[in-house]
Amino acid sequence: MADKQPGIGAIVESVVGELEARGVTVDAPSAPPAFDGRGIVADIENAVAAARSSFEESAAMTLETRASAIEAMRAVMLANLERISHMAVDETGLGRFEDKLRKNRLAVMSTPGLEDLKPMAYSGDHGLTLVERAPYGVIGSITPSTNPTETIICNAISMVAGGNAVVFNPHPSARARSLTCIDLLNRAIAETGGPRALLHAVSAPSIESAQALMAHEGVRLLVVTGGPGVVRAAMQSGKKVVAAGPGNPPVVVDETADIARAGRDIVSGATLDNNIVCIAEKEIIAVRSVVAELKAALADAGAVEVKGPAAEKLSDLIFDQGSTPGKHAPVARDLIGKNVEIILERAGIACPPGARMAFMETDRSHPLVWSEQMMPVLPLVAVEAADEAIDFAKQAERGFGHTAVIHSRNIDRLSRMAKLMDVSIFVKNGPSHAGLGFGGEGFTTFTIASPTGEGLTRASTFTRERRCTLVDYFRIV
Ligand code: NAD
């Protein structure tokens, strides 16, 4: 029923092959190295001071050493891919091990490094002007519970490639695996000639330590990845902020779409790590004439339809604190990131073996349409026509400007929805994760900054532009 996933061994082997082809040596350790708490201190004051001093030390690193450090960071995470992916599921109970492996692998392999920092030159009658990318210094990075290791891997690679030192404030529920990643990454940097620790964190991260980090005058740039609360708090800090906030991605299916493919892609996108990823499809909006065919395609791809009183029971379970039609509502926290069979079992609904997702046909005002549920249960809303579906998708996305998806072969509609949605990631005829470079072209990131407009962040996002002008000389033609 569900997609056949390649085994862990095959995934690791293929990544090792790719890295070795780039000339990187990957040692798969027989036993993981002992945690030595590198870069981990008791409070934010000490973390920022240590980060400042490591940043100053790192100024002596050549670009070649920095590039080697990035490759060593990739190699060490790769060698520990299985371990951190296991820890990720065990620590918070969110998501699926095999999907964590894929996401961590993607972060390791597809986050750009120094190649993203291209200098620019202007040459003319008045000489030569050079524009280069400089580090900010100490960056404060607040990371989520949903993609904790992926975010730390991505941000660490991008920020170190940009020449920065970092103080991370991981989500408290992901403390152990986040600190483990920081420790491993620091060692890799040190082993290639960098400071003993370029990445820092407090040993017991909390909302209070995140707020202290936001307020610290030694932090020049704040990068927050999380829900609306942390984005709001960061925006009020008075610092420059790169904010990667929540989403509620709609997927539209019209009557011209390849419906079998749409069904497969929706299940693939919406079930990645049990829907906790911010870009994952959260509501399906389909033209009524293809709804029956789409339901069959979803079922073929591993989704189960829940109807009638069972659907009501499931809604009551998900919105256990109540909800209002047409509004988003808090979802039951203990269902977030759980496998569909666990969620259905709690609602007393039988789940066919191998199912990865449930869906229910709802009206437009159902709270599942308006809430970022982060679990593999999706509403499906039927509408009369494609333009109506697109207009409703715009409303359902709630102005986050994050991600949207369409399945259609009508180029006017593809184009209209792309413009109207005004989102950081727009995917046509594929699963949402194709927009993250997972089954689609392009680099990856797990920090997608929609509220502040940087979109998919990368090394250059974490640098400042500096210009140097030489008057009248050095134009060589
Ligand atoms: P969360 O907002 O609960 O926590 C994120 C981080 O912010 C944690 O480290 C937390 O300790 C801190 N935090 C929360 N409230 C704070 C406050 N008031 N002051 C200071 N720090 C605060 O989010 P989560 O549950 O860990 O992650 C899920 C959310 O993050 C979803 O909304 C998801 O869409 C979003 N997300 C977005 C992206 C993106 O790239 N845009 C990536 C991952 C997750």
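Predicted model: local features only at pLDDT ≥ 70, side-chain atom pairs only at ≥ 80, totals over all residues.
Okay, let's start with the helices. Two packed helices are described by the angle between their axes and the distance between the axes. Take helix H5, residues 97-110, and helix H6, residues 148-161. Their axes come within 9 Å. The crossing angle is roughly 5°. Angles under 35 degrees count as roughly parallel, so H5 and H6 are roughly parallel to each other.

Who makes that contact? On the H5 side, we have Lys 100, Lys 103, Asn 104, Ala 107 and Val 108. On the H6 side, look for Thr 149, Glu 150, Ile 153, Cys 154 and Ile 157. Sort them by class and you get 5 nonpolar, 2 polar and 3 charged residues.

Next, the ligand. How many residues surround the ligand? The number is 31. The closest are Thr 143, Ser 145, Gly 227, Glu 372 and Ile 448.

Now the backbone contacts. Thr 143 places a backbone N or O atom 2.7 Å from an oxygen atom of the ligand. For Ser 145, a backbone N or O atom sits 2.6 Å from a ligand oxygen. Phe 446 also has a backbone N or O atom by a ligand oxygen, at 3.4 Å. As for cover, the ligand taken alone exposes 840 Å². The protein buries 90% of that.

Last stop, Phe 438. Where is Phe 438 found? Look in the loop between strand E15, 425-428, and strand E16, 448-449. Leaving out residues up to four places away in sequence, Phe 438 touches Arg 102, Leu 106, Leu 272 and His 433. Now compare Phe 438 with Gly 269. In sequence, the two are 169 residues apart. In space, they are 10 Å apart, C-alpha to C-alpha.

To recap the helix pair: H5 and H6, roughly parallel.

Methods
Residues numbered from 1 in each chain as written. Heavy atoms only, no water. Axes fitted to C-alpha atoms, helices over the stretch in contact; angles between N-to-C directions. Helix = DSSP H or I, 4+ residues; strand = E, 2+ residues; numbered from the N terminus. Parallel < 35°, antiparallel > 145°, perpendicular 65-115°, else oblique. Contact = heavy atoms within 4.5 Å. Nonpolar A, V, L, I, M, F, W, Y, C, P; charged D, E, K, R; others polar. Near = heavy atom within 4 Å. Polar contact = N/O pair within 3.5 Å; in protein donor to acceptor, adjacent residues only side chain to side chain. Areas by Shrake-Rupley, 256 points an atom, 1.4 Å probe, with all protein chains shown as cover.
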